[in-house]
Amino acid sequence: MAQVTAAGSSPAASSPDSPSDGAHGSPGAPAAPKDGRTARRSLPRRLLARPEIGALIAAIGVYAFFFAAAPAFREAGALATVLYQASVMGIMALPVALLMIGGEFDLSAGVAVTTSALTASMVSFQLSLNVWTGVLVSLVVSLGIGAFNGYMLVRTGLPSFLITLGTFLILQGANLAVTKIFTGNVATDSISDMEGFAAAQRIFASEFGIGGIQVKVTVVWWLLFAAAATWLLLRTRFGNWIFAVGGNKESARAVGVPVNFTKIALFMGVSAGAWFVGMHLLFSFNTVQSGEGVGNEFLYIIAAVIGGCLLTGGYGSAIGPVIGAFIFGMVSQGIVYANWNPDWFKAFLGVMLLMAALVNLWVRRTATRR
């Protein structure tokens, strides 16, 4: 049987060696009617189909607003501060977005950041070990939390919302209780004078100058992670698996996609991000408060949603949450530079979330309209 090409004909039918219709004196076959589903879309329509285009429109609007409303926002130092706020949020928003594209949520991501920092600090201090030992133990613990979440999901079939909500409560209670047991209070002891601290601080929490402006190293890591996540989604088989399991996991399993492996790997990716941000917090402030991180999981999800990820899974990009985190940084700092009451931050963020959702909905409908 001849192989059928994308145009719906066999290769032999279009071969230059086969006689043409004109050679037989018969009229050519009538052209197939154009189908709006397969017709080539214009460049603007293709751009509108990108998941992050709505976030980009919103980011331009937010930047223009604070540029006009807050003179201090226009300074280069302000941009460095905005980028720092965005990077800390964005490093976590990236794996959370990948998990959402895969059709799942992780409500334990916020407190998992604190858990990783507490683990590294207490292992190093209480056992008088090199700081790097605590960092590595913390990485193992963090990956274990992600593997637990993923394993419970694939073994029980329960919604990830319920499983990670349980993990959230376990970690929140354990962070406080274990810290009090080993330190006698709600914060860890300072590890700034311990062996290995300076080297770890250079990697996780240093800063460097560009044109007289101090930029945090987390900005560089954020952009590198964003590039890696984009490559993973668009250029690897695992990226195809993520979209497949988020769109329809049963159909994905039917065509050979390792659904369970993909889900567990995505949860472990979120835990790896939590570990990295936790190390940044630890080596920035030398000590960690055990009650930190509660509520941040919603900010990570908000950044991903603003960036174009759907709550239903199967749709999104890695660039979108980068823009969403940048919007978060602009809003959090823009309110301060405009001398507004910071109590309005959450309200402004809620408005931004609703506006982004509406813009994303309009963009998708416009892009898919025939």
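In which helix does T164 lie? In this predicted model, T164 belongs to helix 6, which spans residues 160–183. The residue is buried, since its relative accessible area is 0%, and the limit for a buried residue is under 20%. The side chain of T164 reaches the backbone oxygen of S160 at a distance of 2.6 Å. Leaving aside residues up to four places away in sequence, T164 touches F105, D106, L107, S108, N149 and F267.

An α-helix has 3.6 residues a turn, so residues three or four places apart point the same way.

The largest nonpolar core of the model contains 88 residues. Among its members, M92, F283 and I327 touch the most other members. The greatest contribution to this core comes from helix 3 (residues 76–101), which supplies 14 residues. For M92, the contacts comprise A109, V113, V270, G273, A274, V277 and Y300, when residues up to four places away in sequence are not counted.

Conventions. Residues numbered from 1 in each chain as written. Predicted model: local features only at pLDDT ≥ 70, side-chain atom pairs only at ≥ 80, totals over all residues. Heavy atoms only, no water. Core = buried A, V, L, I, M, F, W, Y, C linked by side-chain atoms within 4.5 Å. Buried < 20%, exposed > 50% of the residue type's maximum accessible area, 1.4 Å probe, protein only. Helix = DSSP H or I, 4+ residues; strand = E, 2+ residues; numbered from the N terminus. Contact = heavy atoms within 4.5 Å. Polar contact = N/O pair within 3.5 Å; in protein donor to acceptor, adjacent residues only side chain to side chain.
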